[in-house]
Amino acid sequence: MLSQRIALPKIGRMLAGIGWGVAFVVGAWGVALRLLQGHESANYGSYIVWGLWVAAYIYFIGLSAGAFLLSALIYVFASKELEQIGKLALLVAVVTLIMALLSIWFDLGHMERFYYVFTRPSFSSMMTWMVWLYTAYFVLLLAELYFALRADLARWSLSDGWRRVVANLLLFGRRSLSERALRFDRMALRVLGSIGVPLAIAFHGGVGALFGTVLARPYWHTPLYPILFLTGALVSGGALMTAAVAFFWPKSDPNYTAMVQRLSMIVFLILIFDLILEWAEFSIPMWYGVGPEFDLLQKVLFGPFWWVFWILHVLLGTLVPIVIFLTQRSKPLWLGVAGGLIAVTFMAVRLNIVVPGLIEPQLRGLEEAYRHERLVFEYAPSLFEWQVVLFIVALGFGLFYLGRRLLPVISVAREEIA
Amino acid sequence: MGKAGPDRYSVGDMSTATIEKLDVLERMREELQRALKKPIAQRRWVMVIDLRKCIGCHACTIACIAENKLPPGVVYRPVITEELGEYPNVSMRFIPRPCMQCDNPPCVPVCPVKATYKRPDGVIEIDYNACIGCRYCITACPYNARTFDFGEHYSDKTPERAPYDEAPSFEYGRRWKREGERSPIGNARKCHFCLHRLEAGQLPACTTSCVGRATFFGDANDPESLVSELISKPNVMRLKEELGTRPKVYYLV
């Protein structure tokens, strides 16, 4: 079996390891503060009541839904070029989902009561729907990952050493490699994928609807939101997969370049579609220069955080990747850089969804009616909030690394089993 | 009678009952007692605020904070000051903003765990022990009437916790002591028309403390009540009526 090491020189690997360790420790310190002092060190308040963590939540969950939809489409439509990356996509979807759930869990005022959404749910709430649907999605992801890896694990159980241990731990007794068993795996994958596609569309559309249904917030209250969330998920999740394949897939695979090109092409097309929707989202409320939404969008474009939109989203997240896609089509590593840029800067898009919806007082003059630092209409995340996100990111990288090392998620084209 | 004297107009001449009859609070207290005798579902609590009488003293804001032992950053009834016009042609207007106790409340259906609901008497209640602190309701309120309890105290960063930080509140008829991460810390909080005072036959703290008697409170299902009289006037308005939330707080303009 092919070496699964990241193709980095030794010194680079060492630096990456040190960087990861520092990020993990600094982040864990933030999490400790969160557990000991609650929300006291956070910068959001009672008016801008959702901040970095909610944005991180919709960001990570978008990455998960995007990576999953991509993998499900691969299984359902049996796309030959990309079939190999299905397992890696599932791993990415699981890891980013765990990151998303952690982000929103830390955001709760009473973390210990999270299970109330299951024991005393109210199905009038979009939030309940979202939680129930992403729980179903989580279960489905794990099942799909199991069936996708089972054949390889069954082969591992015949080998020696740690692979045998991992395989025995995860196989739940189903070790058969007969044609019938393999056919069952494929069928299970097809069925789960077919359930998964509508489920992922419903659950991530539901995240958009969670915002879109809020009458009190003209910035969010648009029927376009569920759709915008889905295209955003596909763009960011697809871009993340492009980067993951470009950087972490064995370059010795004869299909390597073709896969990266194929992925980046899909991302490029969805990105263009997403831009058209975004144009609608901005131009329609802004065209005549009047109205509450105009003022809010004006702040997004030209307010104190203008650079989040123009520099992070438009320049680094859109224009630069498009130029790379168009000019470096034959260089998979460059395509990976473009994907990575889109995936990372998509956090700016998510921040620009959550925060601007909350920055205008519902009644003029409220900001001066009663003065307290929690009762202001300005927000920038505190160091503590970034620390918690850093922890989640470090944890995500750690889980991805472990998954990639310990599970047979990478299978090189036409590879024969020893 | 007919006897002129230096103390003719002094309070000493009047009986206590007469003085109290002069105060609109006394009428509202009587109506409150009457309403409490009815089954809860037949009461319809409403508040009326006469903006022409409000002088912007913020006494209601403070009385509310004292009554409910509100911590820093939590406020149920701020008074908005609006400056109109340009110097020198300016005027000011004050708008107290309690919870509107909407008949069609946007904050209720968004709660994922049914921790906030409309009571039979129309008041929107929060069950602090059920609230998970997701703050979805806070985003859904078109009046910014809900605030989040971050667990702060007035005497933070001082050597000792002050007694007023330790005093329990009695919202919803229960005893709430804020310590550690216990509710109502980590919960959404808002005005509840001082339900615990109503149950004891007392008017809401904002109403009794209003020095200009600009805030009225009572049962709109009682045709004889003062509030019923006031909300049938043509100079009544409600905030953001176009949203269809049907607030139970009325403003006289």
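Modeller: Start with contacts in chain A between residues at least 6 apart in sequence: 78% of them join residues at least 24 apart. Two residues are in contact if their C-beta atoms, placed from the backbone, lie within 7 Å.

Biologist: Before we go on, what are the ground rules?

Modeller: This is a predicted model, so local features need pLDDT of at least 70 and side-chain atom pairs count only at pLDDT 80 or more, while totals for chains, interfaces and linings use all residues. Residues are numbered from 1 along each chain as its sequence is written, and chains are lettered from A and ligands numbered from 1 in the order in which they are written.

Biologist: Fine. How many helices and strands in chain A?

Modeller: Chain A has 14 helices and 0 strands. Those are DSSP runs numbered from the N terminus: helices are H or I with at least four residues, strands are E with at least two.

Biologist: And how does the radius of gyration of chain A sit against the globule rule?

Modeller: The radius of gyration is 22 Å, close to the 22 Å from the globule rule for 418 residues, so chain A is as compact as a globular protein of that length. The radius is taken over C-alpha atoms, and the rule is 2.2 Å times the number of residues to the power 0.38. Along its principal axes, the C-alpha trace of chain A spans about 75 × 50 × 45 Å.

Biologist: What share of chain A is buried?

Modeller: Of its 418 residues, 46% are buried. Buried takes 20 or more other C-beta atoms within 10 Å of the residue's own; exposed is 12 or fewer, partly exposed is in between, and C-beta atoms are placed from the backbone.

Biologist: Which residues have the most contacts inside the largest nonpolar core?

Modeller: A:A89, A:V92, A:M241 and A:V245, in a core of 185 residues. Helix α2 of chain A, residues 52–76, gives the most to this core: 18 residues. By nonpolar core I mean a set of buried Ala, Val, Leu, Ile, Met, Phe, Trp, Tyr and Cys residues joined through C-beta atoms within 7 Å.

Biologist: Take A:V245. What is it in contact with, leaving aside neighbours within four places in sequence?

Modeller: A:V245 is in contact with A:I85, A:L88, A:M259, A:V260 and A:L263.

Biologist: Now helix α12 of chain A. Where is the kink centred?

Modeller: On A:T345, with a kink of about 25°. The bend at a residue is the angle between axes fitted to the seven residues ending there and the seven starting there.

Biologist: How far does α12(A) reach from its first C-alpha to its last?

Modeller: α12(A) covers residues 332–354, 23 residues, and reaches 34 Å, close to the expected 33 Å. The expected span is 1.5 Å times one less than the number of residues. The helix is mostly covered, with 18 of its 23 residues buried.

Biologist: Switching to chain B. How many helices and strands there?

Modeller: Chain B has 8 helices and 10 strands. Its radius of gyration is 20 Å, close to the 18 Å that the globule rule gives for 253 residues, so chain B is as compact as a globular protein of that length. Of those 253 residues, 42% count as buried.

Biologist: What is the strand order in the open sheet of 4 strands?

Modeller: In chain B the order is β8-β1-β10-β9, with mixed pairing. The edge strands are β8 (215–219) and β9, each pairing on one side only. Strands count as paired if DSSP finds at least two bridges between them.

Biologist: Parallel or antiparallel for β1(B) and β10(B)?

Modeller: Parallel, with 4 bridges joining β1 (residues 45–50) to β10 (residues 249–252). B:V48 has B:Y250 as its bridge partner, and B:I49 has B:Y251. On the other pairing, β9 (residues 236–237) runs antiparallel to β10(B), with 2 bridges.
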